[in-house]
Amino acid sequence: MEKDLLKLINASKDFAEKLLIDYKEFYPFGAIIDTSGKAKTVAYSKDDNDFPESLTIINGLTKHLDKRLNENDILAYAIVYDAYIKEKGMDAICIQLKHRESIENLTCYYCYKINTEGALTYYEAWSERSN
């Protein structure tokens, strides 16, 4: 289980970092560990809106990936989004993780700044568990 979650964290963080360096922002996206143990990124799209709200994407991904998890189609998933952490005064990559072998969920936060040259620097990181 820990190996799957680590794979998800690394794949999610790497993809989010690429999007931040290239575009300075990103829409929420998902990542999965399929039943063969491979990490893959996934997107959510709804045909009726080219620019949906982030919460709509997060809710859509969560519903879709929970269904796949419950049907044993995937081992684990992550929902990844860009957030502002008010207490820290910084932006953060947030990675919400769920594994079919655990009743707990894990959310990882990676605070970052992008300098004027477009380089990404990480600062504080932490995780929180929830049911």
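Predicted model: local features only at pLDDT ≥ 70, side-chain atom pairs only at ≥ 80, totals over all residues.
Local features were considered at pLDDT of at least 70 and side-chain atom pairs only at pLDDT 80 or more, while totals for chains, interfaces and linings use all residues. Residues are numbered from 1 along each chain as its sequence is written, and side-chain values use heavy atoms, with hydrogens and water left out.

We may start with the sheet. Six strands form an open sheet in the order S2-S1-S3-S4-S5-S6, with antiparallel pairing; strands are DSSP runs (E, at least two residues) and helices likewise (H or I, at least four), numbered from the N terminus, and two strands pair if DSSP finds at least two bridges between them. S2 and S6 (120-130) are the edge strands, each pairing on one side only. From one strand to the next, the twist averages 20°. Between S4 (residues 90-99) and S5 (residues 105-114), which run antiparallel, there are seven bridges. Within this pairing, Ile 93 has Tyr 110 of S5 as its bridge partner.

H1 lies across S1, S2, S3, S4, S5 and S6 and runs at about 150° to S4. H2 also packs on the sheet, touching S1, S2, S3 and S4, and its direction makes about 165° with that of S3. Axes here are lines fitted to C-alpha atoms, for helices over the stretch in contact, with angles from 0 to 180 degrees between N-to-C directions.

The largest pocket holds about 280 Å³ of space. (A pocket is an open set of points on a 1 Å grid over the protein atoms alone where a 1.4 Å probe fits, with protein on both sides within 12 Å along at least five of seven lines; lining residues have an atom within 4 Å of a point. The volume is the space filled by probe spheres set on the points, which are joined across faces, edges and corners.) Its lining comprises 16 residues, with Leu 19, Phe 26, Tyr 27, Pro 28 and Phe 29 nearest the centre. H1 (2-23), S2 (39-42) and H2 (54-70) each give two or more residues, and H1 provides the largest share, three residues.

Finally, two loop residues other than glycine deserve a look. Lys 24, in the loop between H1 and S1 (29-34), has a positive phi of about 70°. Asn 72, in the loop between H2 and S3 (74-85), has a positive phi near 60°. Most residues other than glycine have a negative phi.

Notes. Contact = heavy atoms within 4.5 Å.
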